[in-house]
Amino acid sequence: MTSRDEIVRRYEAYLDACNRRNWNELGSFVADQVLVNGVDRSRAEYVADVRRTTMIFPDFRWELRRAVHEGEWLAVHLYDTGTRHWEFLGADGDGSRVETDEFDLYRIVDGLIVEVEGTADNARLRA
């Protein structure tokens, strides 16, 4: 059984890969197939989804605020910041600085993300 500290350290490494834009490394944290909010995604599609965020917000950063671990599940509260350079949900890519809170629930099996249920306050990314 993997300890909470090991799971959280691995998740912090995952976020670090996101924040450094190391897409190959990011893929190493994800199973071949991932269920994301009820939709099957391949590893490549999952990484492309994260990458898309950084195309709209080139300086986007994920910061871990809280983590709760139970069994195969890791619940996280993230604080996200970035500058909107491209259109997002109807908001112009006008260089606005944005911030939001994100809440995600990850199922991790054998050290790999196999399922994610998550939500972010996207209205704040449009403001």
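Okay, so let's start with R41 and E45: their side chains meet in a salt bridge, with N to O at 4.0 Å. Keep in mind that this is a predicted model. E45 itself is partly exposed, at 34% relative accessible area.

R41, E45, D49 and R52 are linked in a network of salt bridges. Look at D49 and R52 next: their closest N and O atoms are 2.8 Å apart. Why can those two reach each other? Well, they sit three residues apart in helix 3, residues 43–56, so about one helical turn separates them. As for accessibility, D49 is partly exposed at 24%, and R52 is partly exposed too, at 43%.

Over in helix 1, residues 4–20, there's another pair, D16 and R20, four residues apart, or about one turn of the helix. Their side chains form a salt bridge at 2.7 Å, N to O. D16 is partly exposed with 37% relative accessible area, and R20 is partly exposed with 41%. The total for the model, if you're counting, is 12 salt bridges.

Now, on to the strands. Which strands does strand 1 pair with? On one hand there's strand 6, residues 112–120, paired with strand 1, residues 30–36, in the parallel sense over three bridges. There, V30 stands opposite I113. On the other hand there's strand 2, residues 39–42, antiparallel to strand 1 over four bridges. In that pairing, L35 has D40 as its bridge partner. Strands 1 and 2 make a hairpin with two residues between them, and N37 in the turn has a positive phi of about 45 degrees.

Terms used. Residues numbered from 1 in each chain as written. Predicted model: local features only at pLDDT ≥ 70, side-chain atom pairs only at ≥ 80, totals over all residues. Heavy atoms only, no water. Pairing = 2+ DSSP bridges. Buried < 20%, exposed > 50% of the residue type's maximum accessible area, 1.4 Å probe, protein only.
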